[in-house]
Each structure stands twice: as C-alpha cells, then as structure tokens.
Amino acid sequence: MSGTTSNPNYGAVPAPTSEPYEADVLAGLHRDAQEVIGRYPVKRSALLPLLHLVQSVDGYVSTRGIEFCAEVLDLTAAEVSGVATFYTQYKRHPNGEYTVGVCTNTLCAVMGGDQIWDEVSEHLGIGHDETTPDGKITLERVECNAACDFAPVVMANWEFFDNQTPESTKTLVDDLRAGRDVKPTRGPSRVCSFKQVSRVLAGFNDGLADEGVGAGPASLEGLKVARDRGWGEGSNGNQQNEATSDAMAAGRHTSTDTPAEGDGKAEK
Ligand code: FES
C-alpha cells in the first residue's frame with residue numbers, strides 16, 4: 001500500500017510510515033485510548049484493545065503504534081512488542097483491506113479446505129500472510145473457527161462464508177478486490193474493512209454485532225432434536241442426564257438415535 005488511506009475516525013492518514021502521527025490523528029488516538037483504559041481497573045490491561053486501535057489507524061501494529069501504547073500504558077516498547085508478536089491477529093506489516101482466511105484444520109481440510117487453499121493461493125499469486133499488490137487481500141491459512149458443521153469455511157475479516165468451494169472462494173476474493181458487495185453466510189450483510197473491524201475489536205461498537213443470523217441449520221439440529229423429544233432444563237433434563245449417566249455406566253449406547261433403556265422421554 002502507498003499514499004494515503006481513508007479512515008472514518010481519523011481522516012486520511014499515511015499508509016505505512018515511520019513518521020510520527022499527525023497532531024489530529026494523535027489527539028484522536030489519545031482520546032480513544034483514555035476511553036478504553038477507563039474500562040479496566042489496571043491500565044496495562046488495556047493493551048490488547050489498544051493494539052487493535054493502532055491497527056484501526058495504521059492497518060497493522062506499526063513501530064509508532066507500539067511506542068504510543070507503551071507511552072499511554074507506562075510499559076516499555078519491548079513489553080508491548082512482546083504481546084503484539086504473540087497473537088496472530090496483530091499484524092507486523094501492512095495488512096490488506098480484507099484478510100481472507102481459509103480454514104485448513106482437520107475437518108475443513110478433508111472437506112475441501114486444502115483444495116480451496118491451493119487454488120485461491122494460485123489464483124491470487126500469494127501465499128500465507130502475503131498481500132496482493134493492490135493492497136486488497138491478505139491471504140491466511142487459519143485454524144479451526146468452531147464452525148466445523150459448515151466445513152469448509154472461509155473467513156473474510158472474520159465474517160463467515162460457509163460450505164465453500166474453490167470456485168466460490170475465488171469469486172469472493174475477486175468481488176472483494178473489485179469493490180463489489182459480498183454477503184457473509186451468517187452475521188452482518190456486508191464485510192467491513194480491516195481497519196473498521198479493528199476499531200470494533202478495540203471496543204468501539206459499530207452496531208452490527210447482532211445483525212443477521214448467528215447459527216445456521218446444521219448448528220441448530222441438536223436443539224431441534226431436543227425440542228422434538230421434550231428435553232430441556234429442569235426436571236426433564238435432569239432425568240435425561242441421569243438416564244444417560246446410568247446408560248454410560250452400563251456401557252449402553254447413549255446417542256439420540258438409540259434411546260437409553262427406561263428413558264420414557266427418549267422412547268417417544
Ligand atoms: S476445522 Fe474448519 S471450522 Fe473447524
């Protein structure tokens with residue numbers, strides 16, 4: 001990336017630079033940092049959100065951002081850097097406008113995640129933690145997103161794209177690069193930029209957290225089975241749990257398809 005980038009919170013700021021922050025940008029950072037620090041009994045506890053705040057301005061954890069965090073939290077730059085280099089969500093070089101993460105953990109991998117990775121990496125001409133020359137896409141292999149029931153899963157700035165294929169993922173990255181609207185499978189109806197998402201992670205609500213559905217049909221299947229069979233909290237649930245425990249102790253099947261002996265609810 002080069003030149004300037006537009007930031008709704010701080011105006012146009014230089015993309016990666018070793019220069020000090022402009023006065024108005026620095027004033028905004030201090031104002032926001034004090035709000036974040038005020039949420040914690042000990043101010044050094046605010047380091048994680050402040051690193052996201054730095055990313056919301058610089059697009060990564062810059063050297064000047066590390067120095068800013070150290071100053072406002074009474075830490076050393078080495079202490080701040082030690083934290084920033086531990087977590088993969090903190091970027092040590094300019095990140096693309098969209099982080100596209102292909103899950104290649106076990107279940108997604110066997111369901112096609114490895115194939116998606118190979119084809120999208122070749123399509124974009126970049127590898128893990130690399131960014132397209134236009135500064136739009138940073139590609140990552142990501143660990144399990146706890147969305148295995150929708151494998152293979154791809155994330156765009158941590159929004160879910162479920163049941164993906166190589167073709168659908170290549171279309172996704174092409175649309176993101178072209179500035180076309182993309183709609184996650186669950187959650188908000190659009191994908192925000194890396195800087196916008198970083199500001200949310202710093203603790204500044206964008207009002208989108210509860211937008212859209214949170215759980216898809218596959219995640220709700222267990223709930224449907226429980227409701228169909230009248231299982232729930234309270235005495236019924238306790239009876240079910242006791243029956244299940246007894247069955248497990250006796251070495252019997254306990255799955256919902258094979259009701260435990262003597263479990264009146266399960267036999268319905
Ligand atoms: S293995 Fe991909 S979401 Fe769990």
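Arg180 is partly exposed, at 47% relative accessibility. Its salt-bridge partner is Asp175, with the closest N and O atoms 2.7 Å apart. Asp175 counts as buried, at 17% relative accessibility. The model is predicted. A search of the whole structure finds 12 salt bridges.

**Salt bridges**
- Salt bridges that share partners join Glu119, Glu167 and Lys170 into one network.
- Lys170 and Glu167 meet through their side chains at 3.2 Å, N to O.
- Both residues lie in helix α6 (residues 166–178), 3 residues apart, about one turn of the helix.
- Lys170 counts as buried because its relative accessibility is 15%, under the 20% cut-off.
- Lys136 forms a salt bridge with Glu97, the closest N and O atoms being 2.9 Å apart.
- That pair links distant parts of the chain, 39 residues apart: Lys136 sits in the loop between β4 and β5, Glu97 in the loop between α4 and β3.
- Lys136 is partly exposed at 23%, and Glu97 is partly exposed at 28%.

**Sheet and helix packing**
- An open sheet of 5 strands runs in the order β4-β5-β3-β6-β7, with mixed pairing.
- β4 (130–131) and β7 (159–161) are the edge strands, each pairing on one side only.
- β3 and β5 (residues 137–142) run parallel, joined by 6 bridges.
- Tyr98 stands opposite Ile137 in β5.
- Helix α5 (residues 106–124) packs on the sheet and touches β3, β5 and β6 (154–156).
- The direction of α5 makes about 155 degrees with that of β5.

**Surface patch**
- Leu48, Phe86 and Tyr87 make a nonpolar surface patch of about 330 Å².
- Phe86 lies in the loop between α4 (77–84) and β3 (98–103).
- Phe86 is exposed, with a relative accessible area of 64%.

Terms used. Residues are numbered from 1 along each chain as its sequence is written. This is a predicted model: local features need pLDDT of at least 70, side-chain atom pairs count only at pLDDT 80 or more; totals for chains, interfaces and linings use all residues. Side-chain values use heavy atoms; hydrogens and water are left out. Patches are made of residues with over 30% relative accessible area and no salt bridge: like charges are joined within 9 Å, nonpolar side chains (Val, Leu, Ile, Met, Phe, Trp, Tyr) within 5 Å. Accessible areas come from the Shrake-Rupley method with a 1.4 Å probe; for residues, only the protein chains shown count as cover. A salt bridge is a side-chain nitrogen of Lys or Arg within 4 Å of a carboxyl oxygen of Asp or Glu. Helices (H or I, at least four residues) and strands (E, at least two) are DSSP runs, numbered from the N terminus. Buried means under 20% relative accessible area, exposed over 50%, partly exposed in between (1.4 Å probe, protein chains only). Two strands pair if DSSP finds at least two bridges between them. Contact means heavy atoms within 4.5 Å. Axes are lines fitted to C-alpha atoms, for helices over the stretch in contact, and angles run from 0 to 180 degrees between N-to-C directions.
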